[in-house]
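Please read it alongside the sequence and the structure shown here.

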Amino acid sequence: MSAITSPGHGSGPASPVPAGLGQLDAGRFDPKRTEGAGLADTVRSLRTALLLGWRIESNWTDPTLFVIYTVAKPVASLLLLVVMIQIIGGSASDATRTFVILGSALWATVIAGIQGPAWSVLDDRERYRMLKYVAVSPSRLLVTLVGRGGARLAAGAMGTAVALLFSVIILGLRIDLGAVQWPYLLVVLVLGIVPVIAIGVVLAAICLQTRQESWSYPDALAGAMFLVTGVVFPLAVLPDPIEVLGLLNPITWWVDGVRRAIVPSGPSSIGGQGSLWTAVTGTSAPDGLQVIAALLLTGALVTLAATAIFRSSERRARDQGLLDRTTGS
Amino acid sequence: MSVDTGSALPPAISVAGLRRVYETKPQPVVALAGVDLEVRPGEFFGLLGPNGAGKTTLIKILTTLLLPTSGEARIFGFDVSTESNRIRRIMNMVAGGEQSGYGILTVREQLWMFTQFYGLEAREGWRRVDELIEAVGMGDQRLQRVSTLSTGQRQKMNMARGLLNDPWILFLDEPTLGLDVAAARGIRDLVLAWKAAVPGRTVLLTTHYMAEADELCERIAIVDHGRILAIGTPDELKKRVQRESIFRLEVDHLDGGAPSLARLPGVVSASLAADSDPEQQRVAVNLVLTEDAALGAVVSALGGLGSQILALRKSEPTLEDVFVELVGRGFSEETEPPVPVGAEA
C-alpha cells in the first residue's frame with residue numbers, strides 16, 4: 001500500500017494545532033500499524049483490565065462498605081453452614097467441621113471468579129454502556145474479561161482469607177501451620193485460578209447471548225456447582241451420574257487439593273466408601289499428585305472449551321448485533 | 001499541506017452490495033438493502049437519513065460491531081468481516097445520545113485505560129491523555145469522576161476517547177444527539193479542528209440534523225429504507241431540486257407593485273412577501289427567475305422605476321428539500337414501517 005503523506009504541522013495553517021489533535025506517528029498510512037505488538041499488547045490489556053476490575057470492585061461503594069461486604073458475605077455463609085451442621089449433626093467431629101469450613105471459605109473465591117467475567121459483560125453492556133467501545137478496541141474482549149474476572153477473584157480471595165481468620169478466632173478452627181504443605185498449597189492455588197475464571201468465561205459467553213435476567217445466571221450456576229464439587233459434603237453421597245459431573249469439574253479437584261494442603265490428614269471429598277473413585281481405582285482417595293494431575297487435565301479441558309465457546313459466542317454476538325444491545329435488565 | 005493519495009492507496013471505505021437482514025419476528029427486516037459506497041481518504045462524509053434509515057446499521061458494520069448478511073465492506077482495504085483486528089487499530093468511533101462511561105473512574109483514568117487497550121506504552125498513554133484533555137477543553141474536569149460529568153462534558157470525554165489512537169478514520173454516530181446548542185457546536189468545532197490538523201484523516205458522520213451535515217460534510221449520502229438514494233456534495237444535491245433561481249428582494253418602494261417585475265424577461269413570477277411594509281418604505285418581493293442571469297433585467301428595471309435596493313438574497317434549497325424530492329416525505333414525518341424481506345425492491 002502507498003501512503004498519505006503530510007509535510008507536518010510546521011507548514012500548516014497559522015493557527016497552532018493543539019498537541020492532542022496532532023499525529024501519533026509519522027503521518028503515513030503504514031499497514032504495519034494495523035498489526036499490533038502481539039503478546040505485549042495482550043499483557044498490557046490484561047493488566048489494564050485487572051486494574052479496571054479492581055477499581056470497580058473496590059469502588060462500587062466506599063472503602064468501608066467494601067470491607068464490610070467482603071467480610072460479611074463469606075462469614076455469613078460460613079456461619080449458616082456451621083450452625084446447620086451443629087443442629088443436624090450434633091456432635092459433628094472436628095474433621096467434619098474443618099471440612100465444611102474450609103470448603104465454604106474457599107467458595108467465596110470460586111464464586112467470585114465464576115461471576116467476574118459474566119458480570120463484567122453485564123456491567124459494561126447494561127450499566128456503563130462501554131462494552132461496544134471495548135469490543136471495537138484492538139484489545140481482545142476475552143482478554144479484558146479474563147482480567148476483570150481475575151480482579152473479582154482477588155476480591156473473593158480476600159473474603160476467603162477473612163472467613164478463615166474468623167473461623168480460627170471465633171469458631172475455633174484448628175489449623176496446624178507447621179503441618180500445612182505450603183509448596184503444594186501454592187501450586188494448587190495457582191493451578192486453580194485459570195479453570196475457575198474459565199468457567200466464568202463460559203458464563204460470560206452465555207450472558208453475551210441472553211437479553212434478560214442474565215444477572216441471575218452466575219448465581220444459578222454457582223449454586224448448582226456448590227452441590228457437585230465437594231464443597232460441603234463428599235461426592236460419594238451424590239448419584240453416580242452427578243458424581244461423574246463432579247469428577248470432571250476442576251473446581252472439585254481444586255477444593256480437594258487446597259483442603260489436602262491445609263489439613264493433610266483430613267478427609268477427602270473425592271474418595272471414600274461408596275465413591276466412584278474408590279470403586280474404580282480401589283484406593284480410598286486420590287493422592288496429592290493425582291489431585292494435581294486431575295486438576296491440570298480437567299482445568300485444561302475446561303479452559304480450552306471455554307475459549308472455544310467464548311469465541312463462538314463473540315462471533316454470534318457480532319452476527320446478531322448483540323454487543324451494543326442493552327436490554328434494560 | 002497536501003495529501004498524496006497514491007494510486008495504490010485503497011479507499012477509506014469501500015462497500016459493495018452490502019445487505020443486512022435482522023431476523024426479527026414476525027418476519028425478518030431488511031436494514032440495508034444492497035448498499036454501494038466509496039469514501040476517499042481525507043473525506044468528511046455524511047450519511048443523512050431519518051431514524052430507521054439504516055445509517056447506524058451501516059456504521060456498526062464498518063466499525064466491526066456487526067457482521068453483514070452479504071456483500072463486502074472494507075476499511076482502507078481491510079475486510080470488516082475477516083480483518084477486524086487490523087481495522088480496530090486505525091479507526092475509532094463515538095456515538096451520541098448515550099450516557100456511557102465507567103462512572104467510578106476519573107476522566108483521566110478512563111482515557112488512560114483506553115490508551116492501554118490501544119497498545120500505547122503506559123507513560124505515553126498518560127501524556128496522550130493529558131494532551132487530549134486539554135485539546136477538548138476538559139482541563140478542569142480531568143480529575144472529576146465520570147459519573148459527575150454533564151451530558152456535554154461526557155460527550156467531550158467520549159470524543160477524546162475516540163481520538164486516543166489517532167485514528168485514520170473516525171466514525172461519528174449522531175455525535176451531537178441530545179446536546180444543547182453550545183455543546184453541539186463545541187463537538188462540531190472539535191471534529192473540524194481534528195480533521196484539519198492532519199491531511200488524510202477521514203470522518204464518517206451519521207446524523208439526522210440536516211444543518212449539521214450541510215455544515216460539516218464534503219459529500220453526503222441520503223439514506224432511506226436501507227438504500228442510498230443519492231450521493232454528492234451538498235451543493236450538488238441541492239442543485240438536483242433547484243431548477244429555478246429564487247431571490248428575495250427588498251426595495252424602498254415599488255411603483256406598479258410586483259406585477260411590474262413579473263412582466264420582465266426571465267422572470268417566472270414575482271409576488272409581494274407577507275412581511276412587506278410599504279408605509280415603512282420596505283417592500284419585499286419574492287422573485288422566481290429562470291436563471292441567475294435574469295437578475296440583471298430586474299435590477300435595470302428597478303433603476304428605471306426609481307426604486308432603491310435595500311437587500312437582495314438568494315434563497316437556497318435545503319437538504320430537507322432534497323430529501324422530500326427523493327423520498328416524497330419530510331424528515332420529521334412518520335416513517336413507513338421497516339422493509340420486510342422480499343419487499344425491498
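## Terms and conventions

A residue is termed buried if 20 or more other C-beta atoms lie within 10 Å of its own, exposed if 12 or fewer, and partly exposed in between, with C-beta atoms placed from the backbone. Helices (H or I, at least four residues) and strands (E, at least two) are DSSP runs, numbered from the N terminus.

This is a predicted model, in which local features need pLDDT of at least 70 and side-chain atom pairs count only at pLDDT 80 or more, while totals for chains, interfaces and linings use all residues. Residues are numbered from 1 along each chain as its sequence is written, and chains are lettered from A and ligands numbered from 1 in the order in which they are written.

## Helix 8 of chain A

Within helix 8 (residues 240-247) of chain A, the buried positions are Glu243(A), Gly246(A) and Leu247(A). They lie on the same side of this helix, because the arc they cover around the axis is only 95°; the arc is taken over the directions from the helix axis to the C-beta atoms. An α-helix has 3.6 residues a turn, so residues three or four places apart point the same way.

The buried residues of helix 8 of chain A pack against helix 7, helix 9 and helix 10 (276-281) of chain A. Contact here requires that the C-beta atoms of two residues, placed from the backbone, lie within 7 Å.

## Helix 7 of chain A

Helix 7 (residues 216-228) of chain A has 13 residues and should span 18 Å at 1.5 Å a residue; its end C-alpha atoms are 19 Å apart, which agrees. The expected span is 1.5 Å times one less than the number of residues.

Pro218(A), Ala222(A) and Met225(A) are the buried residues of helix 7 of chain A. Their arc around the axis is only 65°, which puts them on the same side of the helix. The cover over these buried residues includes helix 3 (94-127), helix 6 (182-209) and helix 9 (250-262) of chain A. On the face turned away from the buried side, helix 7 of chain A carries the exposed residues Ser216(A), Ala220(A), Gly223(A) and Ala224(A). Just after this helix, Gly230(A) adopts a positive phi of about 70°.

## Sheets of chain B

In chain B, 6 strands form an open sheet of mixed pairing in the order 6-7-8-3-9-10; two strands pair if DSSP finds at least two bridges between them. Strand 6 (91-95) and strand 10 (227-232) of chain B are at the edges with a single partner strand each, so one side of each is left without a neighbour in the sheet. Strand 9 (residues 219-224) of chain B runs antiparallel to strand 10 of chain B, joined by 5 bridges, and Ala221(B) stands opposite Ile231(B) in strand 10 of chain B.

Another open sheet of chain B has 4 strands in the order 12-13-11-14, with antiparallel pairing. Its edge strands are strand 12 (267-272) and strand 14 (309-315) of chain B, each pairing on one side only. Strand 11 (residues 245-251) and strand 13 (residues 283-289) of chain B pair in the antiparallel sense over 7 bridges, with Arg248(B) opposite Asn286(B) in strand 13 of chain B.

## Contact between the chains

Between the chains, 47 residues of chain A are in contact with 54 residues of chain B. Helix 1 (39-59), helix 4 (131-135) and helix 11 (288-320) of chain A each supply at least two residues of the side of chain A that touches chain B. Helix 1 of chain A gives the most to that side, with 8 residues.
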